[in-house]
Amino acid sequence: MLNLNLPTLASSIVKSGATTMATTTTQQCYVHPVVLFSVLDHYLRRNDNQERVIGTLLGVRSDDGRVIEIRSCFAVPHFETEDQVEVDMEHHRSMFALHKRASAREQIVGWYATGSKLSKYAALIQDFYSREAAPFSAVHLVMDTDLTDGQLSIKCLQGSPIGAGAHPENCMFLPLPYELQYPDAELTALQAAADSKESEEGYAVLISDMEQLEKSIEELKAMLERVTAYVQGVCKGSEKPNNVIGKYLMDMLAVVPKIDSKQFSTLFQTHLQDILMVAYLTNLTRAQLNIADQLQRIV
Amino acid sequence: MSGETKNAKPMTTLLNEETAQLATFDVSRIPKQLLPVLDVEKTVALTKVRVDPLAVLKIVKHARESHPTSVNGQLLGLEINGVLEVTHAFPVPTQLGSEEDMTNYQIEMIQCLREVNVDSSSVGWYQSTRLGDFMGQPLLDVQASYQASPNAASSVVLIHDTTKSEQGGNLSLRAFRLSAAYLDLVKKGEFGTKDLAARGLTFANILEELPVQVEGSSLAKALVAELQWPATGNGAADQLLAQELQRPSSFNAKLRARRLADRSAVADDVADDDVAGVPGLGAEGLLPVRSVGFLGRPVAALGLEQADVSLARQLESMGELIDEHVHDANQWMYWKRGEAKVRNARAQFVERRKDQDEVPEKELDAMFRPLPEPSRLDALLNTANLSLLTKAVTQSRGPAMTKMYMAQALQQDN
């Protein structure tokens with residue numbers, strides 16, 4: 001258990017050089033969506049009377065430490081009172097060791113917390129994580145789980161020492177630009193989550209590829225209709241013209257590849273034949289398997 | 001502590017009180033909605049699997065990072081009223097040495113997670129696959145051991161196919177359990193043709209598939225909404241679109257960018273630079289009635305090209321499986337012929353010795369040892385894989401055709 005006490009003024013004057021200065025500052029941050037979901041899950045599973053939760057962020061850094069990719073995270077129990085905060089170090093260490101075994105590349109890159117504003121112990125915890133993430137600086141991710149302004153307002157911050165003497169509690173949090181990462185496979189998972197949000201029952205049933213494609217086409221159609229209506233509106237003068245949108249639409253139209261119709265029909269035919277051939281072969285195989293199965297029962 | 005010791009009663013009285021309470025315990029007094037929770041004997045059959053987006057994302061991430069190696073991990077959650085809720089998942093390292101290491105790792109991890117109030121009961125495991133032919137002896141064995149353990153009897157295995165998810169643009173996550181027929185045969189350890197026929201076990205019913213649903217907490221839904229519509233606030237519609245076009249971190253913008261990615265760099269530039277700070281876009285007409293309209297489904301759902309690569313691979317592995325199938329069939333025929341030979345010889349022997357004393361069955365058996373039938377399990381699994389693969393190919397052809405005709409329509413309009 002790590003006990004971090006808010007030092008009294010007198011003692012902090014005596015103490016100095018407690019903060020490990022980070023050699024390189026982080027400049028860009030990429031966040032994986034799983035991290036955000038983990039934080040929310042942790043917040044939902046917090047103990048009674050606990051206002052905020054904190055945890056360790058894991059990820060990888062570029063060699064120079066400027067770019068950081070937050071890939072996963074885990075929860076760390078902690079306990080706050082008026083004048084002191086306790087972080088369960090043992091839990092943090094053992095969880096990190098366990099994570100290390102499954103995904104060796106991920107390092108400690110920082111920590112997360114929930115809440116609409118920074119806790120008064122943020123600087124102290126930041127100091128602790130800076131030491132964990134040394135020689136690089138630690139990143140602090142905040143999610144507003146109170147939904148002030150109806151938003152989760154995810155923020156990435158980095159600590160920057162202020163004042164003449166380096167004290168752990170002298171720390172200013174500066175915003176860090178971040179981007180969310182959506183690998184293709186995750187997009188499909190998020191799509192399912194989005195579908196669950198839309199459905200009335202509150203859950204999404206996984207559907208077949210064909211149904212998914214149908215939905216895609218329907219949405220595409222709806223988009224086309226909206227754009228057509230807009231363009232017609234502009235032509236009639238009922239909508240305000242907008243250069244940006246016009247430019248955008250022109251680019252969209254320009255990306256439709258122009259293929260000679262003869263060439264296209266050859267391509268189309270051969271491709272179609274391939275597909276039909278494959279379908280025929282697989283169906284044949286399936287029929288064979290079924291026959292074999294039925295025969296086995298007779299034997 | 002001192003308060004407790006004061007109130008403490010001798011152990012025996014406590015025990016007696018407990019039994020007295022148990023005796024007066026009336027089952028009918030339990031509220032109806034609590035009955036499923038107390039269903040200790042597992043009388044309610046498992047009907048579906050409900051997975052939290054968090055667990056889905058963890059599985060997807062693990063599978064993607066170690067793609068194409070097949071990986072697995074543990075699922076945590078709760079079973080209630082026939083619905084298996086999977087709320088958490090964690091990866092199990094692939095390079096772990098002994099069985100003991102593996103178990104220790106899982107126990108430690110579960111203990112750590114319990115400290116932060118994560119559901120600590122194991123409800124199964126997950127495995128990633130590449131082409132959909134995941135059926136194999138190890139998978140069946142592991143699942144059998146899960147289903148055999150008393151406190152995790154309703155375990156499932158979730159199969160995630162990264163390639164299929166990426167290319168089809170549709171999450172490929174399936175939940176399976178071993179069928180009762182298969183478990184029976186495992187118990188007996190017999191996999192002859194007759195046993196299979198008697199229990200009605202075919203390649204199609206070794207595993208039972210359960211429907212999978214995805215459901216997140218309300219907060220998670222809020223997060224998804226925010227990812228779809230980053231920084232919407234209560235701004236005007238055009239502000240929305242400007243941000244939408246400009247912020248690359250949004251789901252939607254990401255999808256849009258990918259849609260254009262390799263075709264037009266110009267379009268991306270527009271999205272990134274020009275839109276910034278343009279006042280009064282007047283974009284109301286472009287905004288959808290419902291927000292979902294703007295979130296395109298993953299673009300790959302409309303892509304044509306990639307599918308061919310995996311198709312070739314699928315066909316290759318299909319060829320291999322068919323070869324194996326033929327090999328299995330030949331082996332079986334070989335055994336059948338051998339067996340017939342022995343039986344013939346035995347019949348002839350009996351015929352010849354008709355006039356003399358009858359030879360006891362036992363001696364006959366000793367002289368003409370009947371060949372034991374080779375286990376049909378391998379052949380069965382092979383067939384099951386082949387069936388899975390062909391089914392996947394057949395199913396992928398529908399969308400492929402549709403996409404082709406869409407492309408054709410586009411070209412004709414030109």
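Of the 299 residues in chain A, 37% count as buried. The model is a predicted one. Chain A is built from eight helices and twelve strands. Take the contacts in chain A between residues at least 6 apart in sequence: 65% of them join residues at least 24 apart.

Chain B has 414 residues, and 34% of them count as buried. Its secondary structure comes to 15 helices and eight strands. Among its contacts between residues at least 6 apart in sequence, 73% join residues at least 24 apart.

Start with the sheet of chain A. Eight strands form an open sheet in the order β10-β9-β8-β7-β3-β4-β2-β11, with mixed pairing. At the edges stand β10 (171–175) and β11 (178–180) of chain A. Each has a single partner strand, so one side of each is left without a neighbour in the sheet. From one strand to the next, the twist averages 35°. Strands of a sheet pair through backbone hydrogen bonds, either parallel or antiparallel. Within this sheet, β3(A) and β4(A) run antiparallel and are joined by eight bridges. One bridge partner pair is I54(A) with V76(A), the latter in β4(A).

A helix packs on this sheet. Helix α2 of chain A, residues 33–44, touches β2 (28–31), β3, β4, β7 (107–114), β8 (139–143) and β11 of chain A. The direction of α2 makes about 20° with that of β4(A).

The loop between α2 and β3 of chain A holds N49(A). Phi of N49(A) is near 60°, a positive value in a residue other than glycine. Most residues other than glycine have a negative phi. Is N49(A) exposed or buried? N49(A) counts as exposed, because it has 5 C-beta neighbours inside 10 Å, and 12 or fewer is the cut-off for that class.

Now turn to helix α3 of chain A, residues 89–102. Its 14 residues should span 20 Å at 1.5 Å a residue, and its end C-alpha atoms are 20 Å apart, which agrees. The buried residues of α3(A) are H91(A), H92(A), M95(A), H99(A) and A102(A). Why do they line one face of the helix? Seen down the axis of α3(A), these buried residues fall within an arc of 95°, so they line one face. An α-helix has 3.6 residues a turn, so residues three or four places apart point the same way. What covers the buried residues of α3(A) comes from both chains. From chain A, the cover includes β3 (54–61), β4 (67–76) and β6 (84–87). From chain B, it includes β3 (83–91) and α4 (99–115).

That leads to the contact between the chains. It takes 95 residues from chain A and 102 residues from chain B. On the side of chain B that touches chain A, the largest share comes from helix α15 (residues 377–413) of chain B, with 18 residues. The residues of that side divide into 56 nonpolar, 30 polar and 16 charged.

Strand β12 (residues 204–205) of chain A pairs with strand β8 (residues 212–214) of chain B, in the antiparallel sense, over two bridges. There A204(A) stands opposite V214(B) in β8(B). The open sheet has nine strands, in the order β12(A)-β8(B)-β1(B)-β3(B)-β2(B)-β4(B)-β5(B)-β6(B)-β7(B), with mixed pairing. Which strands stand at its edges? They are β12 of chain A and β7 (207–210) of chain B, each with a single partner strand, so one side of each is left without a neighbour in the sheet.

Further along this sheet, β5 (residues 156–161) and β6 (residues 173–178) of chain B pair in the antiparallel sense over four bridges. I159(B) stands opposite R174(B) in β6(B). Helix α3 of chain B, residues 53–65, packs on the sheet. This helix touches β1 (48–51), β2 (72–80), β3, β4 (122–129), β5, β6 and β8 of chain B. Its direction makes about 40° with that of β3(B).

One loop of chain B remains. N117(B) lies in the loop between α4 and β4 of chain B. Phi of N117(B) is near 65°, a positive value in a residue other than glycine. N117(B) is partly exposed, with 16 other C-beta atoms within 10 Å.

Definitions and conventions: Residues numbered from 1 in each chain as written. Chains lettered and ligands numbered in written order. Predicted model: local features only at pLDDT ≥ 70, side-chain atom pairs only at ≥ 80, totals over all residues. Contact = placed C-beta atoms within 7 Å. Nonpolar A, V, L, I, M, F, W, Y, C, P; charged D, E, K, R; others polar. Pairing = 2+ DSSP bridges. Expected span 1.5 Å × (residues − 1). Buried ≥ 20, exposed ≤ 12 C-beta atoms within 10 Å, placed from the backbone. Arc of directions from axis to C-beta. Axes fitted to C-alpha atoms, helices over the stretch in contact; angles between N-to-C directions.
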